[in-house]
Amino acid sequence: RNQEQAPFMPSSSSADAEKEADSLGETTTATTSSAQSQTVAALSTVVERAADENEKGVSMQVGEEEEEEECALRFGSRLNSMKARGDLWKNSKNTREADEERKEEIGVLEMVRRLGNADGVELVDFNYPQHLEGLELESVKHALRDANLAAGAVAVRFPAAKFRTGGAFTNPDAEVRAAAVEVVANACKWARALHAANGVIIWPQFDGYDYHLQINYTRAWATTVQTVRSVIDREECSDGATRISYEFKPTDASSRYAVVASTAAALALVQDVNRRGRFGLTLDAGHIIAAGENPAQSAATVAAAGALFGFHVGDAHSKLGAEDGLAFGSVHEKGMLELVYWLRAVRYAGYVYFDTFPEAEDPVREVNYNIRVFKRMWRWAARLEKMG
């Protein structure tokens with residue numbers, strides 16, 4: 001198809017939005033069968049049906065009387081994305097009555113309101129302390145009710161001023177590690193108060209190193225294990241309802257080499273911490289791709305270990321040190337379809353969180369696009385299952 005712009009790019013009218021077409025799916029395939037011949041046959045059928053669907057504009061049918069299976073998972077999306085293209089939001093019909101002297105940057109509660117305009121989103125993750133510090137609990141609850149959203153998780157973002165040098169859990173200074181425990185404990189308080197569905201997610205962005213001979217690797221691992229245990233055993237985090245998960249990222253501008261830099265290392269951390277059912281992993285497709293790994297395989301492996309607490313999806317070009325945060329399935333179509341297949345296979349029951357970074361695009365329309373693509377891949381994965 002001839003498509004002049006991505007379907008989530010800003011359009012000039014609502015009519016344009018109604019005419020937008022999804023750009024993915026024309027040649028989407030996945031490897032799901034143990035026998036190569038069966039795989040090729042199944043994939044060929046999916047490709048042919050996908051092309052037929054796109055050409056005719058009708059839904060594909062598995063059987064004459066068989067209905068499509070709808071995706072039962074709930075969706076969330078990155079709150080900070082709602083800062084992008086503030087001109088589109090402030091000039092929309094929803095905010096014309098707003099105070100003309102509003103600040104240039106969109107505030108946290110207004111970002112919640114904006115995310116609530118995306119079709120199909122039910123959950124929102126808050127960063128702590130970035131989003132929540134200084135806000136009243138009732139104000140946050142009120143904003144969620146107005147947007148018809150619920151809290152998905154509270155994601156810890158350690159402040160650079162205290163943790164940039166030496167890290168949080170890896171810091172050789174015991175007082176700094178204790179401060180890191182306090183940050184997570186406060187995040188647990190917010191998660192409990194907001195009834196966050198997925199508890200607390202920890203991404204210790206400074207727990208790594210930039211140079212050789214910079215850190216003691218064995219000591220950094222030992223302090224990480226010890227400090228994570230201290231966090232999980234804190235009263236604020238050990239109520240039985242608040243689960244804590246670790247989100248690994250192999251490399252970042254904050255620390256070029258992470259101490260926990262792969263799926264295997266993250267699983268080793270879960271094993272060493274040894275708080276089964278209370279401590280697990282939130283995987284991120286962009287982080288896994290940056291690590292040179294396959295998101296589907298990581299999902300299957302972590303789920304088999306009983307440690308898959310959450311999954312952040314998006315897409316990325318596989319460049320060293322890069323996490324592009326592109327629209328879901330826009331680069332690795334086959335890989336993302338396989339990921340959805342395995343999320344079904346392991347009976348993943350968490351929610352799907354879109355960790356994408358729209359900068360020039362309309363962030364609300366980008367969320368709508370992501371949800372449509374995921375639901376379509378969910379249906380295609382169901383067909384692959386039926387094909388055996």
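A salt bridge here is a side-chain nitrogen of Lys or Arg within 4 Å of a carboxyl oxygen of Asp or Glu, and by this rule the count comes to 11 salt bridges. The structure above is a predicted model, in which local features need pLDDT of at least 70 and side-chain atom pairs count only at pLDDT 80 or more, while totals for chains, interfaces and linings use all residues. Residues are numbered from 1 along each chain as its sequence is written, and side-chain values use heavy atoms, with hydrogens and water left out. Helices (H or I, at least four residues) and strands (E, at least two) are DSSP runs, numbered from the N terminus. Buried means under 20% relative accessible area, exposed over 50%, and partly exposed in between (1.4 Å probe, protein chains only).

- D210 forms a salt bridge with R164, and their closest N and O atoms are 3.7 Å apart. This pair links distant parts of the chain, 46 residues apart: D210 sits in the loop between β5 (208–209) and α8, and R164 in the loop between α6 (160–163) and α7 (174–194). D210 is partly exposed at 29% relative accessible area, and R164 is partly exposed at 33%.
- R192 and D239 form a salt bridge with their closest N and O atoms 3.3 Å apart. R192 lies in helix α7 and D239 in the loop between α8 and β6 (244–246), so the pair ties together parts that are 47 residues apart in sequence. R192 has a relative accessible area of 36% and is therefore partly exposed; D239, at 34%, is partly exposed.
- R278 forms a salt bridge with D233, the closest N and O atoms being 3.5 Å apart. R278 is in the loop between α9 (263–273) and β8 (279–284), D233 is in the loop between α8 and β6, and the pair links distant parts of the chain, 45 residues apart. R278 is partly exposed with a relative accessible area of 30%, and D233 counts as partly exposed at 40% relative accessibility.
- Salt bridges that share partners also join E69, R344 and E385 into one network.

**Strand β2 and its neighbours**

- Strand β2 (residues 121–128) is largely enclosed by the rest of the structure, because seven of its eight residues are buried.
- Strands pair if DSSP finds at least two bridges between them. Strand β1 (residues 75–77) runs parallel to β2, joined by three bridges, and the bridge partner of S77 in β2 is V124.
- β2 also pairs with strand β3 (residues 150–156) in the parallel sense, over five bridges. In β3, A155 is the bridge partner of N127. From β2 the chain crosses through helix α5 (residues 137–147) to β3 in a right-handed β-α-β crossover (with the strands pointing away from the viewer, the path from the first strand over the helix to the second runs clockwise).

**Helix α4**

- Helix α4 (residues 108–115) is mostly covered, with six of its eight residues buried: V108, E110, M111, V112, R114 and L115.
- Those buried residues pack against β1, α3 (86–90), β2, α5 and α13 (363–387), where contact means heavy atoms within 4.5 Å.

**T227 in helix α8**

- T227 has its place in helix α8 (residues 217–232) and is buried, with a relative accessible area of 4%.
- A polar atom of the T227 side chain lies 2.6 Å from the backbone oxygen of T223.
- Not counting residues up to four places away in sequence, T227 touches F169, R177 and V181.

**Aromatic pairs**

- Rings of Phe, Tyr and Trp (its six-membered ring) pair if their centres lie within 6.5 Å; planes under 30 degrees apart count as stacked, over 60 as edge-to-face and the rest as tilted. By this rule the count comes to 10 aromatic pairs.
- Y209 and Y257 form a stacked pair, 5.2 Å centre to centre with 10° between the planes. The pair links distant parts of the chain, with Y209 in strand β5 and Y257 in strand β7 (residues 257–258), 48 residues apart. Y209 counts as buried at 14% relative accessibility, whereas Y257 counts as partly exposed at 43%.
- The rings of F328 and F374 have centres 5.5 Å apart and planes at 40°, so this pair is tilted. F328 lies in the loop between β9 (308–313) and α12 (333–345) and F374 in helix α13, so the pair ties together parts that are 46 residues apart in sequence. Both F328 and F374 are buried.
- Ring pairs link F75, F328, F354, F374 and W378 into a cluster.

Terms used: A polar contact is a pair of N or O atoms within 3.5 Å; within protein, one must be able to donate a hydrogen and the other to accept it, and residues adjacent in sequence count only if both atoms are side-chain atoms.
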